[in-house]
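Load the model in your viewer and keep the selection tool ready. The stops below run in order.

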Amino acid sequence: MTPVRLSICMPTYNFGAFIAETLDSIVPQLRPEVEIVILDGGSTDDTEAAVLPFAREHPQISYIRQAQRGGIDRDMARCVELARGEYCWLFSSDDVMKPGALQRVLSEIGSSLDIYLCGLTLCDKGMKPIVDHTVSNAAWGSIFDLGVATERARYFELAQTTTAIFSFMGSIIFRRSRWQEQLLAESYVGSCWAHVVRILRMIPDGLTVKFLGESLQLKRGENDSFMDKGVVHRFAIAIDGYHRIAAEIFGERSIEAAHVRRVIAIEFPLKAMLLARVQCREQGRMAEIPELDRLVAKTYGDHTLRNSLRRAGYHLVGNTAFKLARGTYRTLRRFGLVPSRK
């Protein structure tokens with residue numbers, strides 16, 4: 001039997017409408033040293049019916065169905081526990097792997113580092129590419145040992161989104177033995193970020209990370225399963241979660257924590273906050289505005305000129321003015337008077 005070098009770990013729940021497209025993108029790239037482990041957290045849709053034909057045809061695909069959903073944090077950990085590979089690539093069951101991506105990863109893991117971080121392309125729900133997601137200002141192929149204080153500070157300084165701090169599971173390929181050195185962070189179960197804490201807790205023993213940079217997958221948009229409670233709640237998951245991680249793992253006054261907070265402010269720009277406020281009013285969710293106000297104060301809480309301007313802008317720009325400006329921008333873009341996103 002060929003030893004498994006790479007396990008593609010795919011926790012899923014009620015993504016029956018998408019998972020076949022995901023598998024269709026991976027299966028043609030399979031090699032004897034690769035397996036796919038699909039952990040179904042008790043889906044109530046046709047996920048099982050979508051997956052079983054693939055599993056019957058390809059022995060390298062394992063489909064495990066749980067009686068009930070464990071939640072993304074537990075199901076992700078369980079999926080890796082079931083894997084046999086030297087490395088694991090966490091992969092979302094509604095995303096698409098680009099051609100040649102699997103061979104690229106197999107060639108990289110031969111260098112035996114702890115983590116390889118790849119890029120991604122943001123798409124609409126129909127998988128039409130919109131833009132390559134910004135991750136870091138680091139040069140592609142850069143290697144960092146996060147166990148070394150100066151290298152860790154540099155890595156966090158270059159981070160541009162929380163993807164660089166391991167938020168998006170589909171960007172992370174890691175050595176399974178290092179993952180197993182840490183226990184599931186029980187206090188973070190339910191936060192969506194238990195895997196991030198598990199990785200960051202490896203740092204004291206040294207953690208080598210290679211930033212591949214290259215986009216290896218298409219990420220489906222408009223399909224966020226954590227949007228069921230509204231946009232403000234979704235913002236809170238990331239903002240509160242990463243502020244907590246920064247404080248508890250590194251300490252509030254640390255360089256790393258300051259950069260985590262900086263990245264959150266980049267990831268949630270003033271435009272997004274204003275748009276969320278407009279949506280609250282238009283959708284009759286006025287009760288959520290005080291929570292949004294809290295998140296704005298927290299996101300732009302560090303004492304910098306930019307944050308002061310962001311806070312002032314949030315309170316001074318009215319909903320009507322914002323909607324007018326947004327409409328004007330869209331009109332100008334339609335006529336080619338401002339650049340569109342590529």
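This is a predicted model: local features need pLDDT of at least 70, side-chain atom pairs count only at pLDDT 80 or more; totals for chains, interfaces and linings use all residues.

Residues are numbered from 1 along each chain as its sequence is written, and side-chain values use heavy atoms, with hydrogens and water left out.

Stop 1: Select Arg69, Cys192, Ser225, Phe226 and Asp228, the closest to the centre of the second largest pocket among its 18 lining residues. A pocket is an open set of points on a 1 Å grid over the protein atoms alone, where a 1.4 Å probe fits, with protein on both sides within 12 Å along at least five of seven lines; lining residues have an atom within 4 Å of a point. The volume is about 320 Å³, counted as the space filled by probe spheres set on the points.

**Stop 2: α8 against α9.** Keep α8 and select α9 (residues 255–267): the axes, lines fitted to C-alpha atoms over the stretch in contact, are 9 Å apart at an angle of about 170 degrees. The two helices are therefore roughly antiparallel (over 145 degrees on a scale from 0 to 180 between N-to-C directions). Ala238, Ile239, Tyr242, His243, Ala246 and Phe250 of α8 are in contact with Glu256, Ala257, Val260, Arg261 and Ile264 of α9 (heavy atoms within 4.5 Å).

**Stop 3: α8 against α11.** Select α11 (residues 289–299), whose axis comes within 10 Å of that of α8 and crosses at roughly 35 degrees. On the α8 side, the contact includes Val232, Phe235 and Ala236; on the α11 side, Leu292 and Leu295 are among the residues.

Key. Helices (H or I, at least four residues) and strands (E, at least two) are DSSP runs, numbered from the N terminus. Angles under 35 degrees count as roughly parallel, over 145 as roughly antiparallel, 65 to 115 as roughly perpendicular and the rest as oblique.
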